[in-house]
Amino acid sequence: MSNTETRPAEMRCGGETEADRPAEVEILTARDVPLGGPRAMQVRRTLPQRARSLIGAWCFADHYGPDDVAGTGGMNVPPHPHTGLQTVSWLFSGEIEHRDSLGSHAYVRPGELNLMTGGHGIAHSEVSTPDTTVLHGVQLWVALPDEHRGTEKDFQHYVPHPVTLNGGEARVFLGALAGDTSPVRTFTPLLGAELTVSPGARLVLDVDPAFEHGVLVDTGDVLVEDTPVERAALAYAAPGRTCLTLTNRGTAPARLILLGGPPFGEEIIMWWNFIGRSHDEIVQAREDWMKGSRFGEVRGYDGAPLPAPGLPNAPLKPRGKAR
């Protein structure tokens, strides 16, 4: 049974009425971006952009596929550095081999979370495996708060179990939702989940009103609240909601990625694969990468590391503080 009008409006989500709800959602459209050097694959990026730099601490969202690897060549991203962030890898289909300078050698598989922490500095490579025929998933970044942005490198793997909802299913890979909690460590409160909404269903989720939320549509004819959201677009909902309503108007299941967290409240500078707080900090990170210090070596990748692009002529400016 789908969650349609089984509860009166005044009884939903702790007594919230339609009049209590915040303003309608904001739609962030994706732009096509090449990823990873000369053999770049195309991804659809919704964060960051001019309209919004962060949703909670989520500062980067790439959505790719389904790509026929025989035609596109798949993913082959040489060793590259990160500072001041955590990377979140989540697949719908295919398999990616991960190697990093911590010594981790792991595989990203559908429904399994790989989270890498690159505080002071880490390097890694990402390569789709030879058996992969269709590559499809998301790559997400989380900005580390100032007090933790120099933390040591780390790698975590977690396989969330599916949680049955009234109108769909959830796999909660970060934070808590629908009575399920991920054990994966983060440095700010976060929510990350894959949702499947049944055909014709209206799914009502209880959410933390202190969080802002983003809903990335992978498949389906979807409404977030009453707003249509096209495939690959991201719907933003401001804090203040005690529930979030997701409707699948189609005849096939809809698949979504739900992100959330309290407004980050700090300005950041994000350039290439680095997150810092000043122009000079980014310059130093680039210099360290190019001279082969700080980030460590990625062993087992067949090829040279990815060189950093040139810095812009103008000083890098911070952005993203909660409005």
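Tutor: Two strands pair if DSSP finds at least two bridges between them. Strands themselves are DSSP runs (E, at least two residues), numbered from the N terminus. The model is predicted: local features need pLDDT of at least 70, side-chain atom pairs count only at pLDDT 80 or more, and totals for chains, interfaces and linings use all residues. Residues are numbered from 1 along each chain as its sequence is written, and side-chain values use heavy atoms, with hydrogens and water left out.

Student: How do you know that E17 and strand E24 are joined?

Tutor: Count the bridges. Seven of them join E17 to strand E24 (residues 254-261), and the two run antiparallel. The rule asks for at least two. So the two strands count as a pair. Leu195, for example, has Leu256 in E24 as its bridge partner.

Student: How many bridges does E17 make with strand E14?

Tutor: Six, again in the antiparallel sense, with E14 spanning residues 168-174. Here Gly168 has Val197 in E17 as its bridge partner.

Student: What makes strand E17 largely enclosed?

Tutor: Buried means under 20% relative accessible area (exposed is over 50%, partly exposed in between, with a 1.4 Å probe and protein chains only). Six of the seven residues of E17 (residues 191-197) are buried, so the rest of the structure largely encloses this strand.

Student: Is Trp272 buried, partly exposed or exposed, and why?

Tutor: Trp272 has 23% relative accessibility, so it counts as partly exposed. Phe274 is buried, since its relative accessible area is 0%.

Student: Why is the pair of Trp272 and Phe274 called edge-to-face?

Tutor: Rings of Phe, Tyr and Trp (its six-membered ring) pair if their centres lie within 6.5 Å; planes under 30 degrees apart are stacked, over 60 edge-to-face, and the rest tilted. The centres of Trp272 and Phe274 are 5.6 Å apart and their planes stand at 85 degrees, so this pair is edge-to-face. Both rings belong to one aromatic cluster, together with Trp271, Trp289 and Phe295.

Student: How many aromatic pairs are there by this rule?

Tutor: The count comes to seven. One of them is Phe60 with Trp141: centres 4.0 Å apart, planes at 15 degrees, so stacked. Phe60 is in strand E4 (residues 58-68) and Trp141 in strand E11 (residues 134-143), so the pair ties together parts 81 residues apart in sequence. Phe60 and Trp141 are buried.

Student: What makes strand E2 and strand E12 stand at the edges?

Tutor: Look at the order of the open, antiparallel sheet of seven strands: E2-E3-E4-E11-E6-E9-E12. Strand E2 (31-35) and strand E12 (154-158) each have a single partner strand, so one side of each has no neighbour in the sheet. Inside this order, strand E6 (residues 85-93) pairs with strand E9 (residues 113-118) over five bridges, antiparallel. Gln86 stands opposite Thr117 in E9.

Methods. Helices (H or I, at least four residues) and strands (E, at least two) are DSSP runs, numbered from the N terminus.
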